[in-house]
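Please look over the sequence and the model below before reading on. The report then goes through a few places in it.

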Amino acid sequence: MLSVTLIILLATCLLSFLAFSNDRLTHDLIFHPPSVVNNNQWYRFFSSGLIHADFLHLAFNMYTFYMFGGMVENAFLQIFGDTGRILYAVMYITALPASLTSSFQKHRNDYDYYCLGASGAVSAVIFAGIFLYPTLGMGIFPLPFYIPAFIFGPIYLLISAYLSKKSAGSINHAAHIWGALYGILFLIVISFAFSDFQPVANFWQEVMGYFR
């Protein structure tokens, strides 16, 4: 049985490859707030996460997703049993619109604004993983060493907030931030609703144990 992570990865790669050579398909699926507002094309909140700007954009997102996705999916299965697979899929899918909400509000009347890629949902998976495994070693280029995830996470968010404020490049840094926060919140809520696992207490104990 294929994992949810692999199914999402394969579907995203397939549709992204098709869109690379089909401008019409990209136009129909890309996130464009005015199209959502004026034409009720709410599906764009989801479809835009299945296409990417180019191969490098796709490769980076899917490699990162693959590295964290399997780990987080397995953790969900351990915590929630068979329901974990469904909850994991729901987290990824709902993180797509959740990560784009602020961009939608800011650009709802901006006809020149377009956005695509799975970065917001991938950020949700990464930060759910950080909250589950806060002492996991993570790297920041160009540092030649790893730092614990509970330090990497805030640094990543601060850098993303700075770049978002500066409107640096064509990357939607706001989607990274909101996706990351959504991943943590989703984990906390479903843990309360579907299990006895206490993610906040677990996070704190792991971090405190790191300093002992």
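This is a predicted model: local features need pLDDT of at least 70, side-chain atom pairs count only at pLDDT 80 or more; totals for chains, interfaces and linings use all residues.

Residues are numbered from 1 along each chain as its sequence is written, and side-chain values use heavy atoms, with hydrogens and water left out.

Helices are DSSP runs of H or I with at least four residues, numbered from the N terminus. Helix H7 covers residues 119-132, and its end C-alpha atoms are 20 Å apart. In H7, 14 of 14 residues are buried.

Buried means under 20% relative accessible area, exposed over 50%, and partly exposed in between (1.4 Å probe, protein chains only). The table applies these classes.

| Residue | Relative accessibility | Class |
|---|---|---|
| Ser160 | 4% | buried |
| Ser35 | 11% | buried |
| Leu10 | 45% | partly exposed |

Ser160 sits in helix H8 (residues 149-166). Beyond four places in sequence, Ser160 touches His173, His176 and Ile177; contact means heavy atoms within 4.5 Å.

Ser35 belongs to helix H3 (residues 33-39). With neighbours within four places in sequence left aside, Ser35 contacts Asn40, Gln41 and Arg44. The side chains of Ser35 and His32 also make a polar contact at 2.7 Å (a pair of N or O atoms within 3.5 Å; within protein, one must be able to donate a hydrogen and the other to accept it, and residues adjacent in sequence count only if both atoms are side-chain atoms).

Leu10 is part of helix H1 (residues 4-20).

Note on methods. Helices (H or I, at least four residues) and strands (E, at least two) are DSSP runs, numbered from the N terminus. The expected span of a helix is 1.5 Å times one less than its number of residues.
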